[in-house]
Amino acid sequence: MTSRTVTLWLPTPPSTNALFVVAGRRRVKSKKYTAWIDAVAALGSLADCGFVHGAVSISYEVAENGRRDIGNYEKPLTDLLVSAGVIESDRCACVRKITIEWSHDLDDGVQVTIVPAPPWVKRRG
């Protein structure tokens, strides 16, 4: 468990539009999505970064790609952080802020930075 800043590189995820396919009456992970999850697991970077406890802010810096909608990167990345046990949840009490921006410094993939954030406080009134 840690409350430090974590920075890691992940391969480019598939678009949110390509994460699931319909098989009969069920939605299942697409081959492309499953292959990406397997590729990330093979890198071992998520296992090495440890668990980030409590409220966080997440920043995604994405290698510039003029063909894709930048918003379609967030869902698979954040879901992966949750399923790999890097962050507790993607609910509002845990993830306080997400920023996504194009990067001219990356040739490929996504740089993920997770920093501690103030805890969520419910406002009365």
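## Terms and basis

Helices (H or I, at least four residues) and strands (E, at least two) are DSSP runs, numbered from the N terminus. This is a predicted model, in which local features need pLDDT of at least 70 and side-chain atom pairs count only at pLDDT 80 or more, while totals for chains, interfaces and linings use all residues. Residues are numbered from 1 along each chain as its sequence is written, and side-chain values use heavy atoms, with hydrogens and water left out.

## Overall fold

The protein chain contains three helices and six strands. Read from the N terminus, their order is β-β-β-α-α-β-α-β-β.

The radius of gyration, taken over C-alpha atoms, is compared with a globule rule of 2.2 Å times the number of residues to the power 0.38. For 125 residues a compact globule would come near 14 Å, and the 15 Å of the protein chain agrees with this. Along the principal axes, the C-alpha atoms occupy a box of roughly 45 × 40 × 30 Å.

## Burial, contacts and charge

Residues are classed by relative accessible area as buried (under 20%), exposed (over 50%) or partly exposed (in between), using a 1.4 Å probe and protein chains only. In the protein chain, 38% of the 125 residues count as buried. A contact means heavy atoms within 4.5 Å. Of the contacts between residues at least 6 apart in sequence, 81% join residues at least 24 apart.

Counting Lys and Arg as positive and Asp and Glu as negative, with His and the chain ends not counted, the protein chain has 16 positive and 13 negative side chains. Each charge is placed at NZ of Lys, CZ of Arg, CG of Asp or CD of Glu, and the centres of the two sets lie 13 Å apart.

## Glu-74

Glu-74 belongs to helix 3, which covers residues 74-83. Glu-74 is partly exposed because its relative accessible area is 22%. Leaving aside neighbours within four places in sequence, Glu-74 is in contact with Tyr-60, Ile-98 and Ile-100.

A polar contact is a pair of N or O atoms within 3.5 Å; within protein, one must be able to donate a hydrogen and the other to accept it, and residues adjacent in sequence count only if both atoms are side-chain atoms.

## Ser-89

Ser-89 sits in the loop between helix 3 and strand 5 (95-103). With a relative accessible area of 19%, Ser-89 is buried.

A polar atom of the Ser-89 side chain lies 2.9 Å from the backbone nitrogen of Arg-91. Not counting residues up to four places away in sequence, Ser-89 touches Val-82, Cys-94 and Val-95.
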